[in-house]
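Subject: Handing over the structure, with notes on what was found

Dear colleague,

I am passing this structure on to you, together with a description of what turned up when it was examined. Please keep the sequence and the 3D view open while you read, and look up each residue as it is named.

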Amino acid sequence: MPTNTKGVILISVLMIVLILSAISVSIGQGYFLALKREGYINFESNAFQYIRTLEVLSEREIRKQFAPKRSYTSLSMPFFSQPISIQSDYGTITATATDASNCFNINSLFLYENKTFIPNERSIAGLERLLLLLQYNEDHVDSLIDQILDWVDLDNESRANGLEDYFYTGPASQVKQYSSQRLFYHLSELMNLPSMIYFNWGQIKQYLCAHPLIDSSGVNINHLKIKDAPLLASILPDIDIPEAESMILNIPVDGFRTASELYLAFPGIEFNQSYLPIRLNTDLIWINSIVSHEKSSVSAKTLFQIKNSETITLNRFYNDE
């Protein structure tokens, strides 16, 4: 056989081997990705089941700890101070309980009367004070508050600095949706409001929340930490942030047990003038659950309300930052 013919055959064989190798690698990569995808789906499915089980166990424990209703609660309670951690075949399962009242509920800006939402002027003054204490421009604060009010109320009349449907659905709007005409479900809904461009989201979200309630917006002073000083200063009209920090540092480890103890500890504070109610107990609790395995994790935040010795699930958010 001529030499050039042998060379052609050798090159052809090598090309076939190369093509088959490429096909094999491609099939192998696809199979590997399919296995990884299947593994993650199984992990996620099991994680959701574990999280739901944690919620059921937490609900039972809340009923044990808080029924009948406690007159005071504190961060030293084992329920809040001792996280649950379990090692399973599907990874590490952890759960922590936190008081959900140590924030300014933006839904507290409303009262519900005669089947409509109306402004709660006292809460509005508190939110305005909080944002001013955080050193935001007064005009921008007024715009944000008016836009919050217009986003929820049932009419189509804009406030002085507010916006209604014709703005959000107009050609210049990026939102392209009607105002909600309901309470906020999640704090991130604030990002629909144009005036949010003037605020540091990473900063203000530390102090705000969006619990789907109007009548349970009190702040449990026993659960405040030093980082919550701006919140405390915002709901007590006559103190500044350093004074709020001093108050928080003087909260007993086991908390104030009665209103009399609280008033005696801070005789110069007019608690009855607060923009949000100051409480010694809580009826809103977050259960924060995480299931993690290697580089994968699934988390959930579940909001429970304690009402009439019952535990009600109000909200649940998965992988919420």
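Predicted model: local features only at pLDDT ≥ 70, side-chain atom pairs only at ≥ 80, totals over all residues.

**The protein as a whole**

In the protein there are 9 helices and 11 strands. Of its 321 residues, 41% are buried. If you take the contacts between residues at least 6 apart in sequence, 62% of them join residues that are at least 24 apart.

Is Gln135 buried or exposed? Its relative accessibility is 74%, and exposed means over 50%, so Gln135 counts as exposed.

A second case is Lys115, which is found in the loop between strand 4 (110-113) and strand 5 (116-119). The phi of Lys115 is near 60 degrees, again a positive value in a residue other than glycine. Lys115 has a relative accessibility of 70%, and therefore counts as exposed by the cut-off of over 50%.

In which order do the strands of the open sheet stand? There are 5 strands in this sheet, arranged as 1-2-9-10-11, and their pairing is antiparallel. Strand 1 (84-88) and strand 11 (310-318) are at the edges, and because each has a single partner strand, one side of each is left without a neighbour in the sheet. On average, and with direction ignored, neighbouring strands of this sheet are turned by 20 degrees against each other.

**Two buried residues**

Ser289 belongs to strand 9 (residues 284-293). With a relative accessible area of 1%, Ser289 is under the 20% limit and is therefore buried. When its neighbours within four places in sequence are left aside, Ser289 is in contact with Ile51, Leu54, Thr94, Ala95, Val298, Ser299 and Ala300.

Gln147, by contrast in setting, lies in helix 4 (residues 138-152). Its relative accessible area is 6%, which is under 20%, so Gln147 is buried. Not counting residues up to four places away in sequence, Gln147 touches Asn161, Gly162, Leu163, Tyr168, Leu193, Pro194 and Ser195. For one of these, Gly162, the separation from Gln147 is 15 residues in sequence and 4.3 Å in space, C-alpha to C-alpha.

**The largest pocket**

The largest pocket holds about 900 Å³ of space. It is lined by 32 residues, and those nearest its centre are Lys205, Gln206, Leu208, Trp286 and Lys301. Two or more lining residues come from each of strand 2, strand 6 (208-209), strand 9, strand 10 (296-307) and strand 11. Which element gives the largest share of this lining? Strand 2 does, with 4 residues. By class, the lining of the largest pocket divides into 15 nonpolar, 10 polar and 7 charged residues.

**The cavities**

How many cavities of 30 Å³ or more does a search of the whole structure find? The search finds 2. The largest cavity contains about 40 Å³ of space, and of the 11 residues that line it, Ser101, Cys103, His211, Ser217 and Gly218 are the closest to its centre. That lining has 5 nonpolar and 6 polar residues, and no charged ones.

The second largest cavity has a volume of about 30 Å³. Its lining is made up of 10 residues, with Ser101, Gly218, Arg279, Thr282 and Asp283 nearest its centre. Here the classes are 2 nonpolar, 6 polar and 2 charged residues.

With kind regards

Conventions. Residues numbered from 1 in each chain as written. Heavy atoms only, no water. 1 Å grid on protein atoms, 1.4 Å probe; cavity = no way out; pocket = protein on both sides within 12 Å on 5 of 7 lines; lining within 4 Å. Points joined across faces, edges and corners; volume = space filled by probe spheres on them. Nonpolar A, V, L, I, M, F, W, Y, C, P; charged D, E, K, R; others polar. Pairing = 2+ DSSP bridges. Axes fitted to C-alpha atoms, helices over the stretch in contact; angles between N-to-C directions. Buried < 20%, exposed > 50% of the residue type's maximum accessible area, 1.4 Å probe, protein only. Contact = heavy atoms within 4.5 Å.
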